[in-house]
Every structure is written in structure tokens, then in C-alpha cells.
Amino acid sequence: MRAALARVPSSAVPALAFLGGALSFYAVAVRKGYVPLWAGPEKEDWAKLAWSSQDCTSLSSIADLGGTLFQPLHTTRSFTQQTRRGFKYQLYWIEQKRTLLGLAQFNADTEGLPRRVHQGASQTIADLAMTGAAQAAMNSLVATILQVQTSYLRGIPLGGTVLVESVVEAPTAAQGGDRVTVRCTLSEPQSRQPYILSTAVVAGLRAATIAAPSPAAVSVSSRPWWKFW
């Protein structure tokens with residue numbers, strides 16, 4: 001080491017000292033959270049909405065099982081909207097198997113650890129699949145998760161495509177008719193090696209359970225707007 005330093009020209013010492021100081025300053029700034037960590041250059045396929053030819057073949061095979069395309073309910077500000085740098089998914093409800101099956105891809109803005117998908121991003125897709133499956137199975141207007149347990153077995157590569165499989169189990173007597181247990185697996189499409197295993201108790205809201213407004217509620221809603229403030 002000393003011999004290598006002895007061979008460094010004296011004119012290069014100030015530049016090396018400056019570089020070392022700059023790297024040290026950057027490391028401290030990253031550690032304190034003042035600047036983001038640069039995790040290397042982006043790949044082109046980390047920011048696209050089109051599916052690859054292989055993914056299209058897989059989705060076509062799933063659709064041939066008699067599945068119905070799942071269209072989630074979301075707002076204009078919903079985190080689950082499909083964007084070029086965020087999520088991309090296509091899921092089908094297969095009634096005979098009580099399963100929501102399809103593919104999901106995680107693009108550049110879902111990064112957690114360098115070049116790996118954030119666990120919260122992958123759990124978002126699992127939650128979407130579990131509530132969607134429960135909603136279809138119970139013929140509900142909406143569904144929401146009451147309890148969830150997730151095992152993160154290994155990291156999902158950034159830009160990677162995963163197979164999403166969400167299976168609805170038969171409700172137990174303790175759950176009643178408005179709750180079901182749903183198991184969701186996010187796995188590698190070819191090898192079927194799982195990335196995430198998640199189980200949730202999901203509650204649904206049917207149209208029949210929505211009571212008509214009482215006369216008192218109707219009279220309150222007819223008041224002038226300024227009386228609500």
C-alpha cells in the first residue's frame with residue numbers, strides 16, 4: 001500500500017484528497033438522509049407499460065382458463081394506479097377455482113433496497129389481489145383487510161415480473177358470510193419460487209347490507225350548507 005502511494009505523482013495528491021473528502025461528505029449526507037443513495041444506472045425496461053412477449057403469452061394462457069379481467073376500484077390519487085415508473089398488473093378472476101390470477105411488474109419508482117422492490121410495494125400488490133379476490137367471491141361492492149400476516153422470503157428484482165395468485169378459502173362459521181380468509185403468493189413466473197406468502201382475513205360490503213337512509217338523515221341532509229359549519 002505504501003509502495004503504491006509512493007508511486008502517485010505529487011500533483012495528483014490534492015485531487016485524490018479532494019475526491020476522498022467528497023466521497024466522505026456524500027456518505028455522511030446519505031447516512032443522515034439529506035440526499036438519496038445513487039444505486040446505479042436505470043435499465044430501460046424499468047419504466048415501461050407494455051408487457052413483454054413472454055408475459056403476453058402467460059396472460060393469454062390465464063385468460064383462456066375462463067377468467068374475467070379484474071378492474072380495481074381506485075380514486076384519482078390512488079397509490080395502486082398503473083404508471084410507467086410504478087406498478088403494472090393484469091389479474092383475472094377464475095370463478096371455478098375461486099382464484100385471482102395474473103402478473104404484476106414493479107418498475108423504477110418501487111425501489112427499496114438498491115435494485116430490489118420495496119416490501120411495501122410488493123405488499124400493496126398482494127393486498128390488491130386479496131381484496132379483489134374476496135370482493136369477487138362474496139359479490140361485494142368493496143372489500144377491506146382486517147388482519148394480515150406476510151412472510152418475505154426473498155427480494156423481488158427491480159423491474160421484475162411476478163406471478164400473482166390469490167386464493168379464497170371457504171368462510172368458517174366464526175367468520176360469518178361477510179368475511180373470508182385469502183391466501184396470496186407472489187412468485188417467479190417460470191420456476192414458481194415464491195417471493196412473498198401472505199394470508200389475510202378480508203371483510204366485504206354487499207349492497208343488501210346497506211340500509212336505506214332514515215327520515216331523520218334525509219331531513220339533516222336537506223339543511224342549508226352553512227348550517228354544517
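Student: How much of the chain counts as buried?
Tutor: Of its 229 residues, 32% do. Buried means under 20% relative accessible area, exposed over 50%, and partly exposed in between, with a 1.4 Å probe and protein chains only. This is a predicted model: local features need pLDDT of at least 70, side-chain atom pairs count only at pLDDT 80 or more, and totals for chains, interfaces and linings use all residues. Residues are numbered from 1 along each chain as its sequence is written, and side-chain values use heavy atoms, leaving out hydrogens and water.

Student: How many helices and strands are there?
Tutor: The chain has 5 helices and 7 strands. These are DSSP runs, numbered from the N terminus: helices are H or I with at least four residues, strands E with at least two. Along the sequence the pattern reads α-α-α-β-β-β-α-β-β-β-β-α.

Student: Take helix H3. Which residues are buried there?
Tutor: Asp-55, Leu-59 and Ile-62 are buried in H3, which spans residues 53-63. They lie on the same side of H3, because they cover an arc of only 55° around the axis. That arc is taken from the directions from the helix axis to the C-beta atoms.

Student: And on the other side, buried or exposed?
Tutor: Exposed: Ser-53 and Thr-57 are there.

Student: What do the buried residues of H3 pack against?
Tutor: Strands E2 (87-94), E3 (99-106) and E5 (161-168). Contact means heavy atoms within 4.5 Å.

Student: New topic. Where is Leu-141?
Tutor: Leu-141 sits in the loop between helix H4 (119-137) and strand E4 (142-152).

Student: Why does Leu-141 count as partly exposed?
Tutor: Because its relative accessibility is 45%.
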